[in-house]
Amino acid sequence: MIAFYEPHGISTVYDYVTAWQRASRLNIAVLNLWPLSGSPISIPPSVDLDDFDGIIVHPTIAYSPENLFALDTRIKMTFDAYTGVKILVKQDEHICSARWAEFIAAKKFDVLVTCLSPEEVRKVYPRDIVGDLEIVHALTGYVPQHFRDIPARPLRQRPIDISYRGSIQPLFVGRLGFEKRQIGYAVEKAMANAGLNFDISSRPEDRIHGSAWFDFLGSSRIVLGTESGSNLFDFDGSVAHWCQEYATRNRNLDKSGEEYYYKAHHEFLNRFEGNVSYATISPRHLEAAATRSVQVLYEGRYSGIFEPYRHYLPLKRDLSNLDELLDFVRDEQQANRLTEAAFEEIIKNNRFTYERFVSQVDDVAERLLAQRRAPASAPTPLSTRPRALLLMSHDPDQDPRIEWMSRGLRTNGFDVVELGTYRFTQIGPSPSLEHLVDGRIRVRVERKRHDYAMMPTPFDINRGLTIGQQQILMILGFVMLPNDVLAKRIGAIDVNPETIDRFRFLCLHFVNTNSALLQAARQIGVFDVVIACDLDTMPAAQTLATEYSAVLAYDAHEYWPHSHQASRHWEREFWGHIDRALAPLADIRSTVSTPLAEEMAKDYGVFFQCVPNCALVEDACKDELLIQRREKRKRRQTVTFLYQGAFARGRNLESLIAAWPGTDKRAILWLRGPHWHYADDLKALARQTGLLDKRIFFHDAVVESQLVSAAAEADVGIIPYDPADINNRFACPNKFSQYLAAGLPIISTPIKYVSSLVRANDLGAIFDFAGSPSLADAVNSLLDEGRLFDCSTRARQYFLDEFNWETVSRPFYEELRACVGQIDILRTRPDLDFAWISNGRTMRDFAIQQYPSFVHHSGNVESKQVSVAPAVAQSSYRFARAVWHTLPVPARRRIRAGLEALLSR
């Protein structure tokens, strides 16, 4: 491990290095180049890399690209020639952003440990530059064992009321860099006359090191803080160059002042702010939690680890709620609950220890070392436990039900591989591999890159095609037909360009998705269980389960033939025929609600069990939060009603806003969801009511891990869905259990499943936009403080007792284990292989056709011109040899004519 740090300097760095040595299964020798002088820094020529199986470049030596590129200039074997495992650990990736990928490519590194999220990593490390690279996602710091033994002085005995040590970051770091100094000065200025004892500074000479730092934190009742990192990445140096010129032009301005930053932001920086999301927790947040100090932090995500009002107090950037937060801290009982929660749930949580992090890197390093010692094609062993493959037609982290299902499989003794695609409109550079902290593996492929895996060979035809293959070939055939013939074949009476385009797009979606998933899964290996997450992966799942002799589970997240509200009867019938052909072939079938299970069982003639969408037990809010919320509500004398989720048409949001003026003036409406142009339409409607930013407020979406804690800021949850739509009518929205986990009573339209649970368990009220009881009646029924608190308490207890994922999914996993028990798990089978993922050419590009088509946006289908890839755009020699001569001559003539017509467009 090559590093550069002062042994008695910043304790976080020392903890990082020593914890890695102690925790690793590998024998780690540390080469600390401190206190070598001169620049750039390089490894002494006495070091021979051949003495080591691998190298780890620590972030302390990788801050400067000049140092990084100079490291191997004095040793006889340079990094690019070295054949051991090479691991680069990076932090501060917003600085000199393009150089890191350049270094990885030039020096042929194998592994990158990055603080970037999976969604952002390709922006900084493009696959076409870094090539074959393993990615491990990391935090900026972890919890060493001694954090759990730090003595905590009672808050009332601490001499410092508010403390902070910030830093003066370069201008090109952007807003997050500016906030690292601004929060301290702003709070001190705002509370100058409050009689509080401050110890706040951002001057370098006032930094505190070693054990004195923990004495400082332990003497502070409140510690201020911001997210670390930067959301402004300067890829080509243009931002830093402009900032230098700006500094020259503005010598008269105080570089640490607000005017200096805001002027630069207005003139230039706003063009780049937010180009990469790189806000993260800082080791300081863990240190403050270890000393049980109350953290008052600017509002943010904090890596989804620190939750507002549970682990810290969120401070608005205009400081409008500062007095409220200080009142909170003055209540010592409340403050102690907050600090104890942070200590118990984060500091004592093994997820955030160095041991867990180092084990992740060890797993990757050991696998690569084994490959170095074995033939190049050696597969990667997973284990001898039963294997489960989850197939989905979207990004695996896009749907919380995938996470719940996958974690449940892991807990119930399965090795789990999640195989999905990139986001709906995203063109992925190549397949990607992600190792999750609990041992699950996540693979993403680009749906428009595949080798036509659904096409049968002559052997397949002689043996007999699976039903899944037959369905995809049938769908492919329909794509090739001219519009008039297509309409006639599928009984489309009311054909128009919009519906035909939608139908063709969905056909292409099926063909591309299933072909890509088939090809990827076959290269990974053999599984004991294949789970299709929705109908659009069932053809691939059924084919794979047949090839593996595996258990097939079909988890229907909705009634797929009715998933597009604008679809015509012939579209629903077409997809319904496919669903009816595939569903009976599954060994286990599940869906999200009892009435939907009954409806699908009636339609398809096979049994579906109900596994509702439910959050995990660990997501539930604490008891004290209900009490705190009640006290706040009494002070403000209003009740906040929350809609949290996608702003999607068909969810009656227009009706909700239009009806809100008829509710009591004490009722406040919050709408929280991802922003797109439909949200602007809703805001315009709210403005027409005269209540926008008075009694109707729009809030930004939060990440999945913060949905429950964000919901807990409100008092009542709203589900306003239109029951006329069949999927709405039988829905079990994720937000239902999230509201319950947050201890929110529910008001809902009479959608069948949700309303039955609300009534049976007295969790809130039901209303009807078109009838009685009205929205105003439902709202008014929960303005009474006694009933509101009782419903809130019942909601959370119902979640904990009955309506959490661990409870509702138990019969599903029991049945799955019983089915798997009939399979010989110890049968001869190769280990799972992920080595192919590094070679993007294993998933081929093919010609792109232009179609007027449709893309999803926050649950809606919006008309747009987009490029999609029809699976028939280009034939290959292998396809021709495998299939062509098995077809009758008339069929060949029709296909030839169809292809020529299509390719001539």
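Which residues form one aromatic cluster together with Phe478? I started my notebook with that one, keeping in mind that this is a predicted model.

**Entry 1: the aromatic cluster**

I found Phe478 in one aromatic cluster with Phe503, Phe510, Trp560, Trp570, Phe574 and Trp575. For context, I searched the whole structure and got 41 aromatic pairs. I then picked out Phe478 and Phe574, whose ring centres are 5.3 Å apart with the planes at 90°, so I noted the pair as edge-to-face. I looked up where the two partners sit: Phe478 is in helix α16 (residues 467-480) and Phe574 is in helix α20 (residues 569-582), so this pair ties together parts that are 96 residues apart in sequence. I checked burial as well, and both Phe478 and Phe574 are buried.

**Entry 2: a stacked pair**

Next I turned to Tyr643 and Phe647, an aromatic pair that is stacked, with 6.4 Å centre to centre and 25° between the planes. Are Tyr643 and Phe647 buried or exposed? I have both of them down as buried.

**Entry 3: charges over rings**

I also looked for charged ends sitting over rings. The charged end of Lys90 sits over the ring of Trp100, and I noted 3.5 Å to the ring centre. Likewise, I saw the charged end of Arg729 over the ring of Phe730, 5.2 Å from its centre.

**Entry 4: Gly184**

Where does Gly184 lie? I placed Gly184 in helix α6, which covers residues 175-190. Its relative accessibility is 0%, so I counted Gly184 as buried. Setting aside neighbours within four places in sequence, I found Gly184 in contact with Tyr164, Ile200 and Leu224. I also took the C-alpha to C-alpha distance from Gly184 to Asp199: the two are 9.3 Å apart in space and 15 residues apart in sequence.

**Entry 5: two packed helices**

My last stop was helix packing. Two packed helices are described by the angle between their axes and the distance between the axes. For helix α27 (residues 734-741) and helix α30 (residues 785-801), I noted an angle of about 115° and axes 7 Å apart. I therefore wrote down α27 and α30 as roughly perpendicular to each other. Which residues meet in this packing? From α27 I listed Ser737, Leu740 and Ala741, and from α30 their counterparts Ala795, Arg796, Tyr798 and Phe799. I sorted the residues of this contact by kind and got 5 nonpolar, 1 polar and 1 charged.

Notes:
Residues are numbered from 1 along each chain as its sequence is written. This is a predicted model: local features need pLDDT of at least 70, side-chain atom pairs count only at pLDDT 80 or more; totals for chains, interfaces and linings use all residues. Side-chain values use heavy atoms; hydrogens and water are left out. Helices (H or I, at least four residues) and strands (E, at least two) are DSSP runs, numbered from the N terminus. Buried means under 20% relative accessible area, exposed over 50%, partly exposed in between (1.4 Å probe, protein chains only). Contact means heavy atoms within 4.5 Å. Rings of Phe, Tyr and Trp (its six-membered ring) pair if their centres lie within 6.5 Å; planes under 30 degrees apart count as stacked, over 60 as edge-to-face and the rest as tilted. A charge sits over a ring if NZ of Lys or CZ of Arg is within 6 Å of the ring centre and within 35 degrees of the ring normal. Axes are lines fitted to C-alpha atoms, for helices over the stretch in contact, and angles run from 0 to 180 degrees between N-to-C directions. Angles under 35 degrees count as roughly parallel, over 145 as roughly antiparallel, 65 to 115 as roughly perpendicular and the rest as oblique. Ala, Val, Leu, Ile, Met, Phe, Trp, Tyr, Cys and Pro count as nonpolar, Asp, Glu, Lys and Arg as charged, and the others, Gly among them, as polar.
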